[in-house]
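Colleague: Could you walk me through this one? I have a handful of questions about how its parts are arranged.

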Amino acid sequence: MQMFDGDVVLILGGGSGLGLGIARHCVSEGARVAIFEISEAKIVALKGEFGDDVLLFRGDVTSPEDLLACRQAIVERWGRLDSLIGSQGIFDGQVPLRDVAIERVPSLFDELFHVNVLGYILACKVFLELLEESNGSIVLTASVAAYAADGGGLMYTATKGAVVSAVRQLAFEFSPRVRVNGVAPGAIADSQLQGPRSLGLEGFKQSDIPKDAMLNTFRKLTLMSELPTPLDYAPIYAYLASRYNAVVTGQTVLLEQGALNRAALSGPGATGGIGV
Ligand SMILES: NC(=O)c1ccc[n+]([C@@H]2O[C@H](COP(=O)([O-])OP(=O)(O)OC[C@H]3O[C@@H](n4cnc5c(N)ncnc54)[C@H](O)[C@@H]3O)[C@@H](O)[C@H]2O)c1
């Protein structure tokens with residue numbers, strides 16, 4: 001039994017990291033998959049991996065024209081869309097507001113909110129009718145940063161909080177035919193999450209951080225020992241996006257590896273002691 005059975009799934013930002021893991025998982029679960037991705041280099045790599053099995057569309061999620069052209073390509077190839085999964089995003093470099101020059105604050109805001117929020121809103125608007133026709137499902141990506149301080153800088157954190165609120169409102173507006181949910185991941189191994197152009201940090205990628213340093217920090221902050229990979233998160237996205245999800249809408253599922261449930265009086269993994 002497969003999760004999708006030929007359903008058509010579109011993944012935004014599926015060129016690397018989380019979205020690519022979700023795409024691989026959806027293919028293995030019998031979905032017909034389309035990937036919308038801004039990076040030409042990633043599209044070329046995806047072509048090498050998937051050939052013509054996956055519809056690869058190069059576009060910018062902040063462009064209504066690109067999204068409309070993608071919709072046209074999906075309609076021409078399959079005539080339907082069952083699930084929309086948003087996994088594009090950029091990071092703000094975790095720069096504290098006090099360190100951002102005042103003249104750069106508006107451009108940093110615009111850049112982060114355009115990709116991380118407007119992109120999801122535009123895609124929901126563009127694909128709504130197709131999703132209504134199929135009684136489909138939407139899953140958007142927030143972050144643990146929406147629930148705890150220091151998962152990013154102010155702009156990143158604010159965009160992820162906006163995604164959580166957008167999920168609730170969209171679930172209300174699109175009911176009863178389209179379910180809308182969010183996933184708020186914690187750490188992700190193999191992420192290429194990029195910094196912002198507006199701070200000159202577009203060359204910085206999460207994958208530049210040494211793996212040992214990432215893992216050490218992760219172990220200190222969570223209750224788990226290994227960094228989750230995109231494939232570890234993918235089944236939860238797939239479930240929410242699939243027809244098996246007949247009960248969840250308007251929720252954002254927080255997948256934080258216990259980061260918000262550390263012991264109050266002792267370190268991770270410690271037992272006994274002076275517990276109260
Ligand atoms: N990396 C983490 O630790 C982490 C933690 C929590 C949440 N997230 C979120 O998970 C999602 C996926 O991030 P990732 O870590 O896999 O990073 P990633 O950079 O590997 O994947 C994001 C993809 O989105 C693409 N993209 C960026 N801007 C785009 C645009 N304008 N139009 C179309 N595509 C665009 C990128 O090229 C990239 O392929 C993001 O929303 C991110 O905020 C990441």
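Colleague: Let's begin with strand β2: how many of its 6 residues are buried?

Modeller: This is a predicted model, so please read each value as computed from it. Strand β2 covers residues 32-37 and is mostly covered. A residue counts as buried under 20% relative accessible area. In β2, the number of buried residues is 5 of 6.

Colleague: And which residue of β2 is the bridge partner of I11?

Modeller: Strand β1 (residues 8-12) pairs with β2 in the parallel sense, over 5 bridges. V8 stands opposite R32 of β2. For I11, the bridge partner in β2 is I35.

Colleague: Nice. I11 also stands opposite a residue in β4; which one?

Modeller: β1 pairs with β4 as well, again in the parallel sense, here over 4 bridges. Strand β4 is made of residues 83-86. The β4 residue opposite I11 is I85.

Colleague: Then which residue in β5 is the bridge partner of I85?

Modeller: Strand β5 (residues 137-141) and β4 are parallel partners with 3 bridges between them. The bridge partner of I85 in β5 is V139.

Colleague: Are the faces of β4 covered or open, and which residues sit on each side?

Modeller: Both faces of β4 are covered. The residues S83 and I85 are buried on one side.

Colleague: Stepping back to the whole sheet, which strands stand at the edges?

Modeller: The sheet is open and has 7 strands with parallel pairing, in the order β3-β2-β1-β4-β5-β6-β7. A strand at the edge has a single partner, so one of its sides is left without a neighbour in the sheet. Direction ignored, neighbouring strands here are turned by 15° against each other on average. The edge strands are β3 (55-58) and β7 (252-255).

Colleague: Which strands does α3 lie across, and at what angle does it run to β3?

Modeller: Helix α3 takes in residues 64-77. It lies across β1, β2 and β3. Its angle to β3 is about 165°.

Colleague: How are α3 and α4 oriented to each other: roughly parallel or roughly antiparallel?

Modeller: Their axes come within 9 Å and cross at roughly 25°. The crossing of α3 with α4 is right-handed. Angles under 35 degrees count as roughly parallel. The two helices are therefore roughly parallel.

Colleague: What classes of residue make up that contact?

Modeller: From α3 come P64, L67, L68, C70, R71, I74 and V75, and they meet L122, A123, V126, F127 and L130 of α4. By class, the contact of α3 with α4 has 11 nonpolar, no polar and 1 charged residues.

Colleague: How does α4 lie against α5: roughly parallel or roughly perpendicular?

Modeller: Helix α5 spans residues 154-174, and its axis is 10 Å from that of α4, at an angle of about 20°. This makes the pair roughly parallel. The α4 and α5 crossing is right-handed. On the α4 side the contact includes F109, F113 and Y120, and on the α5 side it includes Y156, V163 and F174.

Colleague: Where is the cis peptide bond?

Modeller: Look at P176, in the loop between α5 and β6 (179-185). The omega of the bond is near 0°. The cis bond runs from S175 to P176.

Colleague: Q94 and Q257 each have a positive phi of about 55°. Which of them is buried?

Modeller: Neither residue is a glycine. Q94 lies in the loop between β4 and α4, and at 33% relative accessibility it counts as partly exposed. Q257 is in the segment after β7. With a relative accessible area of 10%, the buried one is Q257.

Colleague: Last one: what separation do the C-alpha atoms of S266 and G48 have?

Modeller: S266 lies in the segment after β7 and is partly exposed, at 31% relative accessible area. Along the chain, S266 and G48 are 218 residues apart. Their C-alpha atoms are separated by 49 Å.

Definitions and conventions:
Residues numbered from 1 in each chain as written. Predicted model: local features only at pLDDT ≥ 70, side-chain atom pairs only at ≥ 80, totals over all residues. Heavy atoms only, no water. Axes fitted to C-alpha atoms, helices over the stretch in contact; angles between N-to-C directions. Parallel < 35°, antiparallel > 145°, perpendicular 65-115°, else oblique. Left-handed = near helix turned anticlockwise from the far one by under 90°. Contact = heavy atoms within 4.5 Å. Nonpolar A, V, L, I, M, F, W, Y, C, P; charged D, E, K, R; others polar. Buried < 20%, exposed > 50% of the residue type's maximum accessible area, 1.4 Å probe, protein only. Pairing = 2+ DSSP bridges.
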